[in-house]
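Please keep the sequence and the structure in view while reading.

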Amino acid sequence: MASANDSRQVQKDAADQNFDYMFKLLIIGNSSVGKTSFLFRYADDSFTSAFVSTVGIDFKVKTVYRNEKRVKLQIWDTAGQERYRTITTAYYRGAMGFLLMYDITNQESFNAVQDWATQIKTYSWDNAQVILVGNKCDLEEDRVLPSEEGRRLADELGFEFFEASAKDNVNVKQVFERLVDIICVKMSESLDADPTLVGNNKDTSLVENPPQDRGCPC
């Protein structure tokens, strides 16, 4: 679970004005689908199979350049276990994007996608963007969920879809970049519709202080 020091670090990162935008992103899904491995692969370009289940919530910060803008990403890795659900849903508020993840070798994780999508709809803001990610496509011999099933569900939910592998570093960067691009497009559309929504670039972060309680080519 994020400590008081973690919370202070998040607030310090948010206070750093050397960026054009800050986006708060969440990775959600059942326990053991690979959320932590996916985040570490993207943020640190590292992978280990020795991760234990996330307790509560953790985060990393990464800065990217998209469309000539410096975008600071505050990426939250959430626990999938039911007992932490109250904690994790408290972080949905203010999130601009979600990676909703399942494991292509685990039917139960796929069956839970609809429930996770309902959580997003219930606890996040209306314009939050979502990408459905079928993780662990390196385990092709253990696959129980065809790509077509993931794509069909994503279409039904109105999400974009990727299969990916944190272990083999397949589509990890691409998933995050696509999510950032979608958010930027939606944000621009909102500003074009109502320029009074934002006074300057820094105000578009829509980042809130965290609660104090703390298709696959492989």
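Does Glu163 count as buried or exposed? Glu163 counts as buried, because its relative accessibility is 0% and the cut-off for burial is under 20%. The model discussed here is a predicted one.

**Salt bridges**

- The structure contains 11 salt bridges.
- One of them joins Glu163 to Arg143, with 2.8 Å between the closest N and O atoms. This pair links distant parts of the chain, as the two residues are 20 residues apart. Glu163 belongs to strand S6 (residues 160-163), whereas Arg143 is found in the loop between strand S5 (129-135) and helix H6 (147-157).
- A salt bridge also connects Arg152 with Glu149, where the closest N and O atoms are 3.1 Å apart. Both residues lie in helix H6, three residues apart, which is about one turn of the helix.
- Arg152 counts as partly exposed because its relative accessibility is 36%, a value between the limits of 20% and 50%. Glu149 is likewise partly exposed, since its relative accessible area is 31%.
- In helix H7 (residues 172-193), Lys173 and Glu177 are four residues apart, about one turn of the helix. Their salt bridge has its closest N and O atoms 3.7 Å apart.
- With a relative accessibility of 22%, Glu177 counts as partly exposed.
- Lys173 and Glu177 are also members of a network of salt bridges, together with Arg66 and Asp181.

**Strands S5 and S6**

- Strands S5 and S6 pair in the parallel sense, and four bridges join them.
- What is the bridge partner of Gly134 in S6? The partner is Glu163, the residue that also forms the salt bridge with Arg143.
- S5, H6 and S6 together make a β-α-β unit, and this unit is right-handed.

**Nonpolar cores**

- The largest nonpolar core consists of 29 residues. Phe23, Phe38, Leu73, Leu99 and Phe176 have the most contacts inside this core.
- Which elements give two or more residues to this core? They are strand S1 (21-29), helix H2 (35-44), strand S3 (69-78), strand S4 (97-103), S5 and H7. H7 gives the most, with nine residues.
- Leu99 illustrates these contacts: leaving out residues up to four places away in sequence, Leu99 touches Leu26, Ile27, Ile28, Phe38, Ile131, Val133, Val175, Phe176 and Leu179.
- Another core, of 27 residues, lies apart from the largest one. Its members include Tyr102, Ala117, Ile120 and Phe161.

**Ile183 in helix H7**

- Ile183 is located in helix H7. Ile183 counts as buried because its relative accessibility is 2%.
- Which residues are in contact with Ile183, apart from its neighbours within four places in sequence? They are Phe23, Leu25, Met96, Gly97 and Gln129.
- Ile183 and Gln129 are 54 residues apart along the chain, and their C-alpha atoms are separated by 6.4 Å.

Note on methods. Residues numbered from 1 in each chain as written. Predicted model: local features only at pLDDT ≥ 70, side-chain atom pairs only at ≥ 80, totals over all residues. Heavy atoms only, no water. Salt bridge = Lys/Arg side-chain N within 4 Å of Asp/Glu carboxyl O. Buried < 20%, exposed > 50% of the residue type's maximum accessible area, 1.4 Å probe, protein only. Pairing = 2+ DSSP bridges. Right-handed = clockwise from strand over helix to strand, strands pointing away. Core = buried A, V, L, I, M, F, W, Y, C linked by side-chain atoms within 4.5 Å. Contact = heavy atoms within 4.5 Å.
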